[in-house]
Amino acid sequence: MADEKGSVNETFAYDNPSTKIWSSYISHAEKFDKNLVQNCQGNMDSLLVFAGLFSASLTAFIIESYKGLSPNPSNTTNVLLAQIYEQLATMSNASTSFNTRETNLNPKIFIPSAFQAPASVSICNFLWFLSLCFSLVCALAATLIQQWARNYLQATESRLSTPHERARISAYLFHGLERFGMTALVEAVPLLLHISLLLFFLGLVEFLRPVNAAMSNLTLGMLIVFVAFYVAATFLPIFQRDCPYRTPLSCVLWEILKAFRCLRRRQDPKGPAIVVSGDLASTREVEAIQPSSERDERDFKAMTWALQNMRSESEFEAFVQVIPRAVAGPDCSAKLLIHRLHYHEDPSASLGVLIPRLLISCTSGVLDPAVSQRRAATCLAAIWSLSMMTVQEPFKKGRPSKSTLEDIKTVESRIPAIRDFAISASTVIARDLLDTYLDQVGNQSEISLKQLPYRDLESGELLGVGQHLKTLEAILASANEIAVPELFQVISEISTLPRSDHHLNQAGFSLLAGYASSFAGGRTLPYKASETIHRLSLRLDFERCVSTETQRRLVACLDDAFDGKGRTRFPQGIVNILLGMVRVLKDPTCVRKAKAIIKRIKFFPGKDEARRALGVLEVTLPTLDIVSNV
């Protein structure tokens, strides 16, 4: 044996370098095999228990019924006693009859006929004995399968030291398991017990027929109901594949219908039906994961249930952590799911309620500072992603409110380290609010005071929007960094007044200029700065005039983007957007300064964008000079 083992190791010595390749296979195969054996043994254990109890009960019935298959000795004794009584009566009559000439003193002796069991007794015993045989065979099969499963698991867990040998042994044995249909055998064993139960009920009906016809008919009715349910449970999973009911005959019937090409499914709800080629389990899995409106609704209900049953904040934090990647990913169904969860009507499952609540928990003082900072950054990144998603899915209701901005303000004051996340999240929320107001203005070309919910406004108060915008300009001009809380308080106050698209367009440019100023002179960029500033540039109308102060701030941001040698530390996307902002410049001083800044650009990769911006300024400046001279 030692020589044989040594020769095997020498023969496969060339496989040693590939040992690590099989490690991943071994880990997955062991989990699969253990799960397979555990499920198999669990099913067989339940069958053994039921088969044992059922066989014991059935035996009690058989003990009572099999007596009818043989003659009853008491019946023979009764017949003989009756015959003796008849003879004695005949002799007594002969002695007292004087007028009778001839008396029969030798009556015919009664010989009982051969015993024949009643038909009902024979049928009942036949069915019950056959039922007992099926039950015992089922128990034997379950015991054998348990033994085979243990042997299979022990064989796959070989003591050989090299992983590639264990892997090949496991693959070899699993191939045999599939080849000899052990899985099908395991599924067929419960059918034996089902047949045994059916035979028992049929025998019980026949057993009660000569005793009490009403009880027999009642038992027959119950049997018919049971058989109807069994037949329905057999057919339902074939045509309704999400049905949880199933019998061992379902797979058999599935294979028969598949062989006759009677099974079809739709890959697309509106497309043609295709013939099913896989088994019942694989077809069910395909239908469960293929894109459809039904799947989206199931996903929504499932995630709603999951959110409602998350008890710990750390568990919900892990869920929030994956939101930015899901929103940025290619799966449109995941984006729709997150969007619906964001604006869920139930507060216990609404991301718009739960995420701010998790964010404000960072200020409780209970958590470790590192944990609080990580959680706050996670929540702000998720809020940023959810607000950015509204660009692709412009739903009107459920947009972020002033309370979200106040929560961000509170967390930023307590945890200054997350300022970069707070700036970007607050800015996209503000842009989202402006878009909400802009949509309302677009839906109503003429806004009258009678259409407004606040009818007590005077006509002169329509100028309040301009006053708030001036306050906004003053806040932006007075700080080198963006004043996040005050800025968005002003924007939220704009929502309480009638507004026009001109004022909202001005607010949009002011917001972009303020955000760009927040990182123009700093060393680091805020969270997702390129995507945020691109979001702010959407829906801006460059044909409308903006305030001179806003133009100056845009030029200042452009100046900070490049050093004296024409180099920039900003990503190309941010610089391209800043260069595109020159189209809104109408002030001659701002135009000349922007022109001088662009001319010193030498090392910027996107020189085409710089040339286009310079061309715009070249066209704009003469026009402004003519207007100023006039």
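**Note on the predicted model**

1. Salt-bridge network. Glu313, Glu317, Arg374 and Arg375 are joined by salt bridges into a network. The model is predicted, and every value below is computed from it. Within this group, the side chains of Glu313 and Arg375 meet with an N to O distance of 2.7 Å. Glu313 belongs to helix α11 (residues 313–321) and Arg375 to helix α15 (residues 369–389), so this pair ties together parts that are 62 residues apart in sequence. Glu313 is partly exposed, at a relative accessible area of 43%. Arg375 is buried, at 4%; the cut-off for buried is under 20%.

2. Other salt bridges. The whole structure holds 12 salt bridges. One of them pairs Asp420 with Arg419, at 3.9 Å from N to O. The limit is 4 Å. Asp420 is partly exposed, with 24% relative accessible area. Another salt bridge links Arg544 to Asp541, and their closest N and O atoms are 3.2 Å apart. Arg544 is partly exposed at 28% relative accessibility. Asp541 is partly exposed too, with a value of 30%.

3. Overall make-up. The protein has 25 helices and two strands. Of its 630 residues, 39% count as buried. The accessible surface is about 36200 Å², and carbon and sulfur atoms hold 60% of that area. Contacts reach across the sequence: among those between residues at least 6 apart, 74% join residues at least 24 apart.

4. Helix pair α22 and α24. How do these two helices run relative to each other? Helix α22 covers residues 548–561 and helix α24 covers residues 588–599. Their axes come within 10 Å and cross at roughly 10 degrees. Angles under 35 degrees count as roughly parallel, and α22 and α24 are therefore roughly parallel to each other. From α22, the contact uses Gln551, Arg552, Val555, Leu558 and Asp559. From α24, the contact uses Cys590, Lys593, Ala594, Ile597 and Ile598.

5. Nonpolar surface patch. Which residues make the nonpolar patch of about 550 Å²? They are Leu198, Leu202, Phe226, Val227, Val231, Phe235 and Phe239. Helices α6 (182–208) and α7 (213–239) are the elements that give two or more residues to the patch. The largest share comes from α7, with five residues. Val231 sits in helix α7 and is partly exposed, with a relative accessible area of 39%. Patch residues need over 30% relative accessible area.

6. Leu58. Is this residue buried or exposed? Leu58 counts as buried, at 0% relative accessibility. Leu58 is placed in helix α2 (residues 21–65). Leaving aside residues up to four places away in sequence, Leu58 touches Trp128, Ser131, Leu132 and Phe200. Phe200 is 142 residues from Leu58 along the chain, yet their C-alpha atoms are separated by 7.7 Å.

7. Ser250. This residue is in helix α8 (residues 248–259). Ser250 is a polar-side check on burial: its relative accessible area is 0%, so Ser250 is buried. Its contacts are Ala233, Thr234, Pro237 and Ile238, again not counting residues up to four places away in sequence.

8. Backbone points to inspect. Most residues other than glycine have a negative phi. Arg261 is not a glycine, but its phi is positive, about 55 degrees. Arg261 lies in the loop between α8 and β1 (264–266). At 55% relative accessibility, Arg261 counts as exposed. Arg539 also has a positive phi, near 65 degrees. Arg539 lies in the loop between α21 (529–537) and α22. Arg539 is partly exposed, with a relative accessible area of 42%.

Key:
Residues are numbered from 1 along each chain as its sequence is written. This is a predicted model: local features need pLDDT of at least 70, side-chain atom pairs count only at pLDDT 80 or more; totals for chains, interfaces and linings use all residues. Side-chain values use heavy atoms; hydrogens and water are left out. Patches are made of residues with over 30% relative accessible area and no salt bridge: like charges are joined within 9 Å, nonpolar side chains (Val, Leu, Ile, Met, Phe, Trp, Tyr) within 5 Å. Accessible areas come from the Shrake-Rupley method with a 1.4 Å probe; for residues, only the protein chains shown count as cover. Helices (H or I, at least four residues) and strands (E, at least two) are DSSP runs, numbered from the N terminus. Buried means under 20% relative accessible area, exposed over 50%, partly exposed in between (1.4 Å probe, protein chains only). Axes are lines fitted to C-alpha atoms, for helices over the stretch in contact, and angles run from 0 to 180 degrees between N-to-C directions. Angles under 35 degrees count as roughly parallel, over 145 as roughly antiparallel, 65 to 115 as roughly perpendicular and the rest as oblique. Contact means heavy atoms within 4.5 Å.
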